[in-house]
Amino acid sequence: MSAPSQPRFGAPFTALLAAALFGATTPLAKALLGTLSPFMVAGLFYLGSGVGLALAMLVRRITQSQRERANESRLHLREVPWLLGAIATGGVAGPALLMLGLNATPAATSSLLLNLEGVFTALIAWIVFRENVDVQVFLGMVAIVAGGVALSWHPGAAGLPLGAVLVAAACACWAIDNNLTRKVSTNDAMVIACLKGLVAGSVNFVIALLLGAHVPHVGTLAAAMLTGFAGYGISLVLFVVALRNLGTARTGAYFSVAPLFGVTLSLILWPEIPPLLFWVAAALMAFGVWLHIRERHEHPHTHDALDHNHRHRHDEHHQHVHDFAWDGEEPHAHPHRHSPITHTHAHFPDIHHRHSHRA
């Protein structure tokens, strides 16, 4: 049986928009770091993310129908360890290790080392979780990472070994976070991002206070939290949706272009002629994204029976009846079961295509 190929551009656009929002927070954070400690900035960004998404969910719940509230996706007990692991590694350990590493590592070296997050994310996805990779996707990842290296390259910069190890360890934590978040990506992306923001924000905020930082005045507080809502909150919601549709390695690759958006915004805010390496980085990243977008992975594959809950349309993978009065609205969410099916069509390693590939 042959099924129509899935849209090829919607999911990559979601991942790139997440990268753009996150990348834009870097120059804004730079402006805030003049008056706030790094842990305070991280805490307020995460808290702004969590509080903002909590308010957004409250508004959504008020406007939802009773059936929509009854059918919305909820975390299962078996998924809680995955989410807690993601929060602990990406929201708590990652920022703490980075701040410690920055104290012993020049900023230029740290910028180079932060490119390891994309590499670690892909390696864990490919090796540990057996996510499919072909030559084109691998070369695209290499091009994007090479662009990141070019973007942050400062000749002659070197850092202390311990600091470099700590920054690399922070990247490994975020890579683990990305892969663990994929395990819960079928759930409400706003709930996942909200929980991450509230927990990570509280931890970083308390650390900042313990280290002697003071709560900033209302204007700075509001600016930091609003920046965090957009750059950490909305960005993370989009990232989770991209994980659901693209898989971890591909989403991580697209997200690795975030520094390019950050540098571009910096050049707009503080105008200057971009150096040659900026254009080299932009070309490499654009080439890597192009390689990923033009990917067409297609082969006969079998879907095992699967029960889950997420927003969906009645496409080739969602042919089921409803045990409630359905008004025909799509997309919609409710618990549903996928019957076993074998067919051939182009696909990504999304939530419906996590199958093995045997030679």
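Which side chain meets that of D177 in a salt bridge? In this predicted model, where local features need pLDDT of at least 70, side-chain atom pairs count only at pLDDT 80 or more, and totals for chains, interfaces and linings use all residues, the partner of D177 is K196, at 2.6 Å from N to O. Residues are numbered from 1 along each chain as its sequence is written, and side-chain values use heavy atoms, with hydrogens and water left out.

A salt bridge here is a side-chain nitrogen of Lys or Arg within 4 Å of a carboxyl oxygen of Asp or Glu. By this rule the structure holds 4 salt bridges. D177 belongs to helix α8 and K196 to helix α9 (residues 189–210), so their pairing ties together parts 19 residues apart in sequence; helices are DSSP runs of H or I, at least four residues, numbered from the N terminus. D177 is buried at 9% relative accessibility, and K196 is buried at 8%, where buried means under 20% relative accessible area with a 1.4 Å probe, protein chains only.

Salt bridges with shared partners join E131, R182 and R250 into one network. The side chains of R182 and E131 meet at 2.9 Å, N to O. R182 lies in helix α8 (residues 161–182) and E131 in the loop between α6 (116–128) and α7 (135–151), so this contact ties together parts 51 residues apart in sequence. E131 also meets R250, at 3.7 Å from N to O. R250 sits in helix α11 (residues 248–255), 119 residues from E131. E131 is buried, with a relative accessible area of 4%, and R250 is buried at 1%.

Key:
Helix = DSSP H or I, 4+ residues; strand = E, 2+ residues; numbered from the N terminus. Buried < 20%, exposed > 50% of the residue type's maximum accessible area, 1.4 Å probe, protein only.
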